[in-house]
Amino acid sequence: MHDISHYLSTDHAHCDTLFAAAENAVARDDWRTATTQFQAFDIATRLHFTREESILFPAFEARTGMSHGPTVVMRGEHAEIREILQGMAEALLGKDADSYLGLAETLLMLLRQHNLKEEQILYPLADQALADSSGELVRDMKSLAG
Amino acid sequence: MADSGLSYDQGPPFGAPLRLFLTAPLFPLLAACLGLVMPDWQTTRWTGVSLAMTHLITLGYLGMVMLGALLQMLPVVLGSPVPAARLVGWCGWLGLGLGAPGLALGFLLGEPLWLVAGTLLLALGLVPFSIAIAVSLIKTRAPRVAWPIRLATLALLITLALGSVLAGALSGLWPVQALADLTALHAAWGLLGWVLILVIGVAYQVVPMLQITPDYPAWVTRWLTWLMLAGLLLYSAPSSTDWLPNNDLPGALPLCASCVVFAVVTLRLQARRRRRIADVSLDFWRLGMVSLILAALLFAVLHGLPAAWMAAAEISLGILFLLGFAASVVQGMLYKIVPFLAWFHLKTQTGARLGAIPNMKQMLPEPLVRQHFRLHLAMLILLLAAPILPAPLGQVSASAGLLLLAGGAMRLELNLRHAKTLFLRHGGRLGQAAENK
């Protein structure tokens, strides 16, 4: 019943772990680890957004008819978060710890509130609306990792 | 979809919570000045000046910040907007801003007119606020998140009702027996019901969020606030039972246990955080949790203390809970909320490139926040040490503690204004709601 919630919330937690590892490395001036960890975080976060935008949201919109609803808000926030990811990548390239940490703080606040809204409201709605096809949707989202 | 509740657009303009946040530090400043001029606040919690200082801190400071934070946070964590948030924010600002000093003046002068006027103004601020957030709390699609905040709001209304009865009694409007018992209930519902249950409900969301810690265990989120409600109800039960010598005990025990459980679980979660970078906000939270544990332990042994220590211990309990626990947590939250909102509103209002506007840490630089933490910690140590130290030293310690309380309040005010100035300088508008460009 909670396949979608479970799968995507676990994915959030995975991204959080990578985020923290990169930030910790920047804070101790370990730029090599920071770069590896940030790249992993960047890829995982963008992949998560793609899973939602190309699989979950279209299915949700088609089933509920809510094409101007919460998915639009979530897409807008994804765009904001992608912009900050870009800024963090640039700070990393320039080894600018202050800029990286300042953006990381900003990103974390945006990302965690965004995740909270998805986990509390959107995913449960999706679990409900897409109960009959959730197994298939999760399989499709997983296959994107490919 | 207008009522999806997922968008920040439904939060109030930055100016609404900021007005409350910027006014709040004036009240600890005022309380500190009062305490410096009238040192008999140290004799018992019942002097006019003690009661005035207490209400300046609870209503003026904590009340204003909590109200502002709730107006801002509820749409995000509950996915349901607070109706008329701007208007409710204004009412709350005026009601608390005039009511708290009015009430304080009533206590200081022993003047019925001011007590009644202060209480009426407070009700004028808090009732519309409670109704508005009740709507949001009822309509939410995230009931798990909403329950602790629902309980806290109920406790706020009970506190206000008990406070009104007490103010009426002190003003001679109606007779009340057992004034002291009723005061204990008023304090319990206000501090443990409203302040602590609200902090717990908020902590369930923000502690894992800010530090990337594991979630609170399910047994805590499921039972703790209900245990507290049961404790409060037992504590409020008529006090004429024969079967227990100290009949506060059945209620006091679950309440003390809840405080300790919450604080210990929070500290343990924070110790397991994935984010290991230095963070003053985290330090404020940890100081708050340690103070809460100490407050609960002191509360538990209060009745066993020698009579000569009782008055001083009660004042230390108030300092531990209000300044050590509640103010620390509130400050830890403010230092996340304000720079985030300044950045977020600026970004969405101006549509500026990322590099063209200050990031969160530039909005409120860490060294400024760290200064406030140091002032706050030193203030606590001095105020708590004062009653233990021998006479002249104790007096010096208390006065120095109050000076630091004033200094901390001013540092907080300047820190928040730093973010406001940067926000305005980069073209932000306080009255405009965030709108994605």
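**Conventions**

I count as a helix a DSSP run of H or I with at least four residues and as a strand a run of E with at least two, numbered from the N terminus. The model is predicted, so I noted that local features need pLDDT of at least 70 and side-chain atom pairs pLDDT 80 or more, while totals for chains, interfaces and linings use all residues. Residues are numbered from 1 along each chain as its sequence is written, chains are lettered from A and ligands numbered from 1 in the order in which they are written, and side-chain values use heavy atoms, with hydrogens and water left out.

**Entry 1: chain A overall**

I looked up the secondary structure of chain A and found five helices and zero strands. Read from the N terminus, the order of elements is α-α-α-α-α. Chain A is as compact as a globular protein of its length, because its radius of gyration of 16 Å is close to the 15 Å that the globule rule gives for 146 residues (C-alpha atoms; 2.2 Å times the number of residues to the power 0.38). I then took the box along the principal axes, and the C-alpha atoms of chain A fill roughly 50 × 30 × 20 Å.

Of the 146 residues in chain A, 54% are buried (under 20% relative accessible area; exposed is over 50%, partly exposed in between; 1.4 Å probe, protein chains only). I also checked the contacts (heavy atoms within 4.5 Å). Counting those in chain A between residues at least 6 apart in sequence, 77% join residues at least 24 apart. The accessible surface of chain A is about 6000 Å², and carbon and sulfur atoms hold 54% of that area (Shrake-Rupley, 1.4 Å probe; for residues, only the protein chains shown count as cover).

**Entry 2: chain B overall**

The C-alpha trace of chain B spans about 65 × 50 × 45 Å along its principal axes. Buried residues account for 57% of the 437 residues in chain B. For contacts in chain B between residues at least 6 apart in sequence, I noted that 76% join residues at least 24 apart. Chain B exposes about 17300 Å², with 70% supplied by carbon and sulfur atoms.

**Entry 3: the largest cavity**

I asked how many cavities of 30 Å³ or more the whole structure holds. The search finds seven (1 Å grid over the protein atoms alone; a cavity is a set of points where a 1.4 Å probe fits but cannot get out, a pocket an open set with protein on both sides within 12 Å along at least five of seven lines; lining residues have an atom within 4 Å of a point). The largest cavity has a volume of about 220 Å³ (points joined across faces, edges and corners; volume is the space filled by probe spheres set on them).

Its lining has 17 residues, and A:Met109, A:Gln113, B:Met73, B:Met209 and B:Ile337 lie nearest the centre. Both chains contribute: helix 4 (97-129) of chain A and helix 3 (48-78), helix 7 (179-211) and helix 11 (307-350) of chain B each supply at least two residues. Helix 11 of chain B gives the largest share, five residues. By class I recorded 13 nonpolar, three polar and one charged (Ala, Val, Leu, Ile, Met, Phe, Trp, Tyr, Cys and Pro are nonpolar; Asp, Glu, Lys and Arg charged; the others, Gly among them, polar).

**Entry 4: the second largest pocket and A:Gln120**

The second largest pocket holds about 1200 Å³. I found 38 residues in its lining, with A:Glu119, A:Gln120, B:Arg144, B:Gln205 and B:Asp215 nearest its centre. Helix 1 (3-27) and helix 4 of chain A, along with helix 6 (143-170), helix 7 and helix 8 (218-236) of chain B, each supply at least two lining residues. The lining of this pocket divides into 15 nonpolar, 14 polar and nine charged residues.

I followed up A:Gln120, which sits in helix 4 of chain A. Is A:Gln120 buried or exposed? A:Gln120 is buried, because its relative accessible area is 14%. Leaving out residues up to four places away in sequence, A:Gln120 touches B:Arg141, B:Ala142, B:Arg144, B:Val145 and B:Gln205.

**Entry 5: two positive phi values**

I looked up A:Lys95, a residue other than glycine with a positive phi near 50 degrees. A:Lys95 lies in the loop between helix 3 (70-93) and helix 4 of chain A. With a relative accessible area of 55%, A:Lys95 is exposed.

B:Ile212 also has a positive phi near 50 degrees, in a residue other than glycine. I placed B:Ile212 in the loop between helix 7 and helix 8 of chain B. B:Ile212 counts as buried, at 4% relative accessibility.

**Entry 6: B:Cys33**

I found B:Cys33 in helix 2 (residues 26-37) of chain B. At 38% relative accessibility, B:Cys33 is partly exposed. The C-alpha atoms of B:Cys33 and B:Leu405 are separated by 9.3 Å, with the two residues 372 residues apart along the chain.
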